[in-house]
Amino acid sequence: MTLDRFYPIFDHSDWLRRMLPLGVRLVQLRIKDQPSGTVRAQIEVSRDLCRKHGAVLVVNDHWQEAIALGCDWVHLGQEDLDSADLAAIRKAGLKLGVSTHDDDELERVMGMAPDYVALGPVYPTILKKMKWHQQGLPRVTDWKARIGATPLVAIGGMSVERASGVFGAGADIVSAVTDITLNADPEARVRQWIGATR
Ligand SMILES: Cc1ncc(COP(=O)(O)OP(=O)(O)O)c(N)n1
Ligand SMILES: Cc1nc(C(=O)O)sc1CCOP(=O)(O)O
Ligand SMILES: [Mg+2]
């Protein structure tokens with residue numbers, strides 16, 4: 001299955017309800033600091049919305065809930081991978097996306113046969129504090145050469161205007177958060193993203 005080249009990330013199913021009808025085909029639910037009941041409910045609603053709209057849902061962090069709720073994809077960062085049961089994830093048939101930021105992290109994840117590799121932050125991000133400031137486009141090219149056929153997701157400070165340069169550098173997929181969620185007209189911005197990436 002080929003993943004869509006536009007990969008927005010949202011922190012609530014209400015965003016998916018708004019954006020999926022516009023044609024989003026790949027989306028991540030990234031919930032932080034919520035009680036377990038809320039997390040489960042949010043995943044369930046998002047799963048059903050994505051099924052209805054024929055979109056791929058990637059559940060960030062909460063791999064046990066993703067398995068229990070019959071989801072298809074999880075995204076795990078390096079710290080998540082320290083405690084995740086990869087065998088259980090694979091046994092349940094879930095696909096796995098992983099975060100990387102440096103050489104050691106890339107070497108670690110390639111041994112896990114991930115279904116995509118994310119590199120970030122390609123540009124500075126305002127979403128969260130990170131040890132890395134910006135990787136830059138040459139790093140995107142280097143990463144793609146090293147991971148070969150595995151899809152490369154570029155994340156961090158992405159915008160519609162930056163997308164073509166990032167694809168040109170070798171990314172297969174571009175992932176964005178605040179370019180959409182902080183936009184004055186998120187629906188219009190998502191339409192621009194879809195126009196720029198299909
Ligand atoms: C597509 C994508 N890339 C990177 C991340 C970051 O994952 P992680 O390092 O685990 O950090 P949190 O998002 O969990 O704060 C991601 N979620 N998605
Ligand atoms: C969640 C996340 N992970 C990153 C990484 O580099 O692993 S950067 C990032 C935030 C992306 O948000 P925005 O598009 O608003 O910059
Ligand atoms: Mg994580």
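I began with ligand 1 and found 14 residues surrounding it, the closest being Gly77, Ser99, Ala118, Ile155 and Ser175. I counted a residue as near a molecule if its C-beta atom, placed from the backbone, lies within 6 Å of it. The shell around ligand 1 holds three nonpolar, seven polar and four charged residues. For these classes, Ala, Val, Leu, Ile, Met, Phe, Trp, Tyr, Cys and Pro are nonpolar, Asp, Glu, Lys and Arg are charged, and the others, Gly among them, are polar.

I note that this is a predicted model, in which local features need pLDDT of at least 70, side-chain atom pairs count only at pLDDT 80 or more, and totals for chains, interfaces and linings use all residues. Residues are numbered from 1 along each chain as its sequence is written, while chains are lettered from A and ligands numbered from 1 in the order in which they are written.

I then checked the confidence. The chain averages a pLDDT (the predictor's confidence in each residue, from 0 to 100) of 98, and 100% of the residues score at least 70. The model has ipTM 0.99 and pTM 0.98.

I turned to ligand 2. Its shell has 15 residues, with Gly120, Thr125, Leu127, Val177 and Thr178 the closest. By class, I recorded six nonpolar, seven polar and two charged residues around ligand 2.

Next I looked up helix H2. Helices (H or I, at least four residues) and strands (E, at least two) are DSSP runs, numbered from the N terminus. Which residues of H2 are buried? They are Gln42, Ile43, Ser46, Arg47, Leu49 and Cys50. Buried means 20 or more other C-beta atoms within 10 Å of the residue's own, exposed 12 or fewer, and partly exposed in between, with C-beta atoms placed from the backbone. The buried residues of H2 pack against helix H1 (13–19), strand E2 (26–29), strand E3 (56–60) and helix H3 (63–68). Gly54 follows H2 and has a positive phi, near 65 degrees.

Last, I examined Gln78, which lies in helix H4 (residues 78–83). Gln78 counts as partly exposed because it has 15 C-beta neighbours inside 10 Å. Leaving aside residues up to four places away in sequence, Gln78 touches Ser99 and Glu105; contact requires C-beta atoms, placed from the backbone, within 7 Å.

How values were computed. Contact = placed C-beta atoms within 7 Å.
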